[in-house]
Amino acid sequence: KEMAIEYMDSRDIFPEIVRKYEITMSDKQKYVMVFPFRDENGELQFIKYRNLKYDKDQGGSKEWCEKNCKPILFGMNHCSGFSRLVITEGQIDSLSCVQAGIENAVSVPTGKNGFTWIPYCWDWVNRFQKIVVFGDCENGYITLAEELTRRWPMKVSVVRVEDYRGCKDANELLQKEGPEAVRFAVENAEPQNLNCIKPMAKVERVDIMQMEKMSTGLVSLDRVLDGGFRFGQLAILTGKRGDGKSTIASMWGCEALNQN
């Protein structure tokens with residue numbers, strides 16, 4: 001509809017993209033834009049609404065979703081190939097990437113804190129070789145980055161803060177700096193590593209015989225373990241059902257308390 005095209009044009013999104021992604025206006029509510037979410041097979045699964053006349057002083061909601069729908073990523077049906085997937089926070093941001101000539105750009109359905117889409121899109125996302133997170137830049141923090149890095153370690157790269165050029169998101173970058181800046185930001189995204197993973201080169205060598213340890217309370221087992229359980233060590237207790245795993249583990253818990 002014309003109002004949708006005019007609004008998206010004000011955000012530097014061309015009419016052909018608006019039509020391709022079926023962005024329209026609500027028949028029931030004036031000034032409410034409609035974003036249809038179709039899955040990889042083209043089936044409509046989710047609908048999101050955006051109030052173009054939203055005023056926080058007057059209350060109400062800026063965005064909301066149709067009830068009883070399956071949350072998925074916006075733009076899945078327009079993705080092809082599985083080399084790189086770009087994930088943004090907002091629908092207009094993913095369309096800004098498309099406007100800049102970036103393939104396989106999608107956005108999450110319910111904002112930076114909503115990850116209900118992951119179980120429904122898990123297998124599909126796993127097919128991609130690389131994931132680039134282009135979330136909102138909030139005081140040097142990139143939304144979505146931490147959670148998606150945790151979910152897909154070794155696959156995720158994140159747009160560098162400096163490549164936002166002082167902008168909040170992909171659409172603002174598109175409007176202020178042009179499509180080249182958006183493409184540059186995606187191409188120069190940096191791989192992310194989990195903070196809990198340390199490169200082997202930085203792991204200090206230790207003499208395990210000198211490590212502090214706790215007696216198991218069983219003389220013969222202490223002898224096998226060279227004195228007992230060492231602090232920082234992971235011990236896995238296995239056995240058949242009913243063999244007493246829980247009982248002996250509880251005993252070791254008591255031993256830990258007794259040995260302070």
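1. Thr-24 stands opposite Val-34 of β2. The strand β1 and strand β2 (residues 32-38) pair in the antiparallel sense, over 2 bridges; two strands count as paired if DSSP finds at least two bridges between them. Strands (E, at least two residues) and helices (H or I, at least four) are DSSP runs, numbered from the N terminus.

2. The model is predicted: local features need pLDDT of at least 70 and side-chain atom pairs count only at pLDDT 80 or more, while totals for chains, interfaces and linings use all residues. Residues are numbered from 1 along each chain as its sequence is written, and side-chain values use heavy atoms, with hydrogens and water left out.

3. β1 and β2 belong to an open sheet of 4 strands, in the order β1-β2-β3-β4, with antiparallel pairing. β1 (24-25) and β4 (63-65) stand at its edges, and each has a single partner strand, so one side of each is left without a neighbour in the sheet.

4. Arg-50 is in strand β3 (residues 44-51) of this sheet. Arg-50 counts as buried, at 12% relative accessibility (buried is under 20% relative accessible area, exposed over 50%, partly exposed in between; 1.4 Å probe, protein chains only). Leaving out residues up to four places away in sequence, Arg-50 touches Tyr-7, Arg-11, Tyr-31, Val-32, Met-33, Phe-35, Lys-62, Glu-63 and Ile-92, where contact means heavy atoms within 4.5 Å.

5. A second open sheet has 5 strands in the order β6-β5-β7-β10-β11, and its pairing is mixed. Its edges are β6 (105-107) and β11 (190-191); each has a single partner strand, so one side of each is left without a neighbour in the sheet. Val-158 has Glu-190 as its bridge partner in β11.

6. Helix α7 (residues 179-187) packs on this sheet, touching β5 (84-88) and β7 (130-134). The direction of α7 makes about 130° with that of β7; axes are lines fitted to C-alpha atoms, for helices over the stretch in contact, and angles run from 0 to 180 degrees between N-to-C directions.

7. Two residues deserve a look for backbone geometry. Asp-226 is not a glycine, yet its phi is positive, about 55°. Asp-226 is in the loop between α8 (219-224) and β13 (229-230), and is partly exposed at 43% relative accessibility. Asn-260, also a residue other than glycine, has a positive phi near 60°. Asn-260 is in the segment after α9 (245-258) and is exposed, with a relative accessible area of 86%.
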